[in-house]
Amino acid sequence: MLWMRIKYRLGLLYKTVLFKLGFGKLLLKDRYGERILIYHGIDAVGETKYNSRFISKVFFEEFIKHITTHYNVISLDDFYQKKFKKDTLNIALTFDDGYLNNYKYAVPILEKYKVPASFYITTIHEKAPYLWADFLDLVSYHTEKKEVILEQNRYQKNDKKEFIWNGTSMKNSAKSLPYDVLKTIYEVFKDDWKVLPTEDLEDYWKLMNAEQIKEIANNPLFTIGAHGETHANLVDIPLSAAKKEILNSKKQLETICEQPITEFAFPFGYYNQELADYCTEVGYDRLLLVDYNTKKDAQNETWQNRFVMNPYISMEQQLACLLKGSYF
Ligand SMILES: [Zn+2]
């Protein structure tokens, strides 16, 4: 982990120096191949203090303008059918989690540049109005609490405004908890949530409602896929609970969209063979990951890895990493 972080930092430093010295073009030389990008939230200003997943609408538009001008941006459908151009980079866009901010900011920009995209929706709506991770990010940042107990472990707030126990953040531990336990996080911080200016902060937690999801599903530029119900790490929760998430999110989205849902993006990209087989069994024919677990997995044509967009770096650095296909 530490070595990866050092490698990432050194890679960025190297790129910054090259751009400063005027040799940045070397990093932006054309590379061919294919990439599926993952976005999460788009917001008005590119605020990263709550979490590391939000990219400003201005930066987003600049990026879309650039890639549509210089590369071949295609739908995921065409990507799976390998309708690639040989002499350029082929790019498909995906959005995970199902934020309202996708509908508010990304959709109009994608329509303006006629860029296809696929949206993977977490169907938590029947259980809670927000994802636990966003709830936790916002309350952790604002709460006066210095210590919180979860599953008998005492988490203490650090100066980065995260709750830490035994070297692990509550957010990280929570990924692997069954939803019944996760609910206690909502309970512990419910008064903190009440005093937050949640409407002003809606870009950081509000999810699309059924009407908005359906509208996207009916737009010929876009497709909808599933992303589980509670955004748990499906590999770590009990198998029966993971299977329920995979099946229920499909059924719920099929009811909303009135069309078959055949794509599934694993929350956090965590997957294994057993879960992938179950996805196939219930009718998903495209499985979206982040990184392949093994090199062999890359040969499975149902599975595609994806490149996570990074809000902390400049457009030039982002492009350099994208062209390379890696942040390292
Ligand atoms: Zn997600």
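Predicted model: local features only at pLDDT ≥ 70, side-chain atom pairs only at ≥ 80, totals over all residues.
Residues are numbered from 1 along each chain as its sequence is written, and side-chain values use heavy atoms, with hydrogens and water left out.

Let me start with the charged pairs. The structure holds 19 salt bridges, a salt bridge being a side-chain nitrogen of Lys or Arg within 4 Å of a carboxyl oxygen of Asp or Glu. One of them joins the side chains of Glu301 and Lys82, at 2.8 Å from N to O. Because Glu301 sits in the loop between β13 (286-288) and β14 (303-304), and Lys82 in the loop between α3 (76-80) and β5 (89-97), this pair ties together parts that are 219 residues apart in sequence. The helices here (H or I, at least four residues) and strands (E, at least two) are DSSP runs, numbered from the N terminus.

How exposed are the two partners? Glu301 counts as exposed, at 54% relative accessibility, and Lys82 as partly exposed, at 48%; buried means under 20% relative accessible area, exposed over 50%, and partly exposed in between, with a 1.4 Å probe and protein chains only.

A second pair is Glu202 with Lys104, whose closest N and O atoms are 2.8 Å apart. Glu202 belongs to the loop between α8 (190-194) and α9 (210-218) and Lys104 to helix α4 (residues 100-112), so that parts 98 residues apart in sequence are tied together. Here Glu202 is buried, with a relative accessible area of 16%, whereas Lys104 is partly exposed at 33%.

For a local example, Asp191 and Lys194 form a salt bridge at 3.6 Å, N to O. Both residues lie in helix α8, 3 residues apart, about one turn of the helix. Salt bridges that share partners also join Lys104, Glu199, Glu202, Asp203 and Lys206 into one network.

Finally, the surface patch. Trp3, Ile6, Leu10, Leu13, Val17 and Leu21 make a nonpolar surface patch of about 610 Å². Patches are made of residues with over 30% relative accessible area and no salt bridge, like charges being joined within 9 Å and nonpolar side chains (Val, Leu, Ile, Met, Phe, Trp, Tyr) within 5 Å; accessible areas come from the Shrake-Rupley method with a 1.4 Å probe, and for residues only the protein chains shown count as cover.
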